[in-house]
Amino acid sequence: MNHAYILTLSCPDRRGIVHAVSGFLFDNGGNIEEAAQYNDHDTGLFFMRVQFACSQLTHQELSSQLKSFAEPFQMNWQLHDNAQPMRTVIMVSKEGHCLNDLLFRCKSGLLPLDVRAIISNHREFYQLAASYDIPFHHLPMTAATKSQVEARQLEIIDAEGAELVVLARYMQILSNDLCKKLAGRAINIHHSFLPSFKGAKPYYQAHDRGVKLIGATAHYVTADLDEGPIIEQDVARADHSKTVEALTAMGRDTESQVLARAVLWHSEHRVLLNGHKTVIFK
């Protein structure tokens, strides 16, 4: 029986890497179904994603073989079972458009996610979570309880074995410690008015200034607020006829679509970190 795998890797660039990877997979009974690579001439790094089927070796056996193969190339690599949906925890506050969109896409088979829990500092969406039969954890937060609440959040994330944490308009700043513990597996979404329109009601501020573009950015969470490696961005055009309500609706649609694409690419292991940037094999 064939098992589907995805291999992602990065290493210093040199001649023959594609040939070596292809030969390794062939020698171990692998049949390549999709492959993409990128050479970053600025950093001298090579990136590759290979989707393949294999009937001869188990995941553990392949991983053992890969460890020996990758060492001479100084490869950072990961081997994923393509048949397993990604275990995910979603965090949300009072704005539910991104949460609702993600849950519907999962239910419709459009996102390969296994949403194990929803965490919120408000109670607004416990009924939505219940309608999808997903555990809902209400964890209100104050400045005095921040460390205790984050410890509980991490406890839930670890207990669910979450490979991905999605901040679907979760309007709390994560501590540096939590950012480090979630490095490379937490995705945030926000409007692209930053840094021009900070704080509350950014769409009201944008409307007051007569903006012509509404945008959104999805990025990995880091200790540098809203400055993590960007995964996806998009914009929608606006004009003088748009009310603040229309701008807000456009912004929410854009945020939902941008976040969904970022989550999809991450869950399909198409996003590789390249320092402060990303390489995305769409």
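**A pocket and its surroundings**

A: Cys179 is found in helix α6, residues 176–181 (helices are DSSP runs of H or I with at least four residues, strands are runs of E with at least two, both numbered from the N terminus). The model is predicted, so local features need pLDDT of at least 70 and side-chain atom pairs pLDDT 80 or more, while totals for chains, interfaces and linings use all residues. Residues are numbered from 1 along each chain as its sequence is written, and side-chain values use heavy atoms, with hydrogens and water left out.

Cys179 counts as buried because its relative accessibility is 5% (buried is under 20% relative accessible area, exposed over 50%, partly exposed in between, with a 1.4 Å probe and protein chains only). From Thr58, Cys179 is 121 residues away in sequence and 33 Å away in space, C-alpha to C-alpha.

Now the pocket. The second largest pocket holds about 540 Å³ of space (a pocket is an open set of points on a 1 Å grid over the protein atoms alone where a 1.4 Å probe fits, with protein on both sides within 12 Å along at least five of seven lines; lining residues have an atom within 4 Å of a point). The volume is the space filled by probe spheres set on the points, which are joined across faces, edges and corners. Its lining has 23 residues, and Thr8, Gln78, Val271, Leu272 and Leu273 lie nearest the centre. Strands β1 (3–12), β3 (45–54), β4 (76–81) and β12 (271–274) each supply at least two lining residues; β1 gives the most, with 5. By class, the lining has 12 nonpolar, 9 polar and 2 charged residues (Ala, Val, Leu, Ile, Met, Phe, Trp, Tyr, Cys and Pro are nonpolar, Asp, Glu, Lys and Arg charged, the others, Gly among them, polar).

Elsewhere, the structure holds 4 aromatic pairs (Phe, Tyr or six-membered Trp rings with centres within 6.5 Å; planes under 30 degrees apart are stacked, over 60 edge-to-face, the rest tilted). One of them is the stacked pair of Phe24 and Phe69, at 4.7 Å centre to centre and 25 degrees between the planes. This pair joins helix α1 (residues 17–27), which holds Phe24, to helix α2 (residues 59–70), which holds Phe69, across 45 residues. Both Phe24 and Phe69 are buried. With Phe73, they are linked by ring pairs into a cluster.
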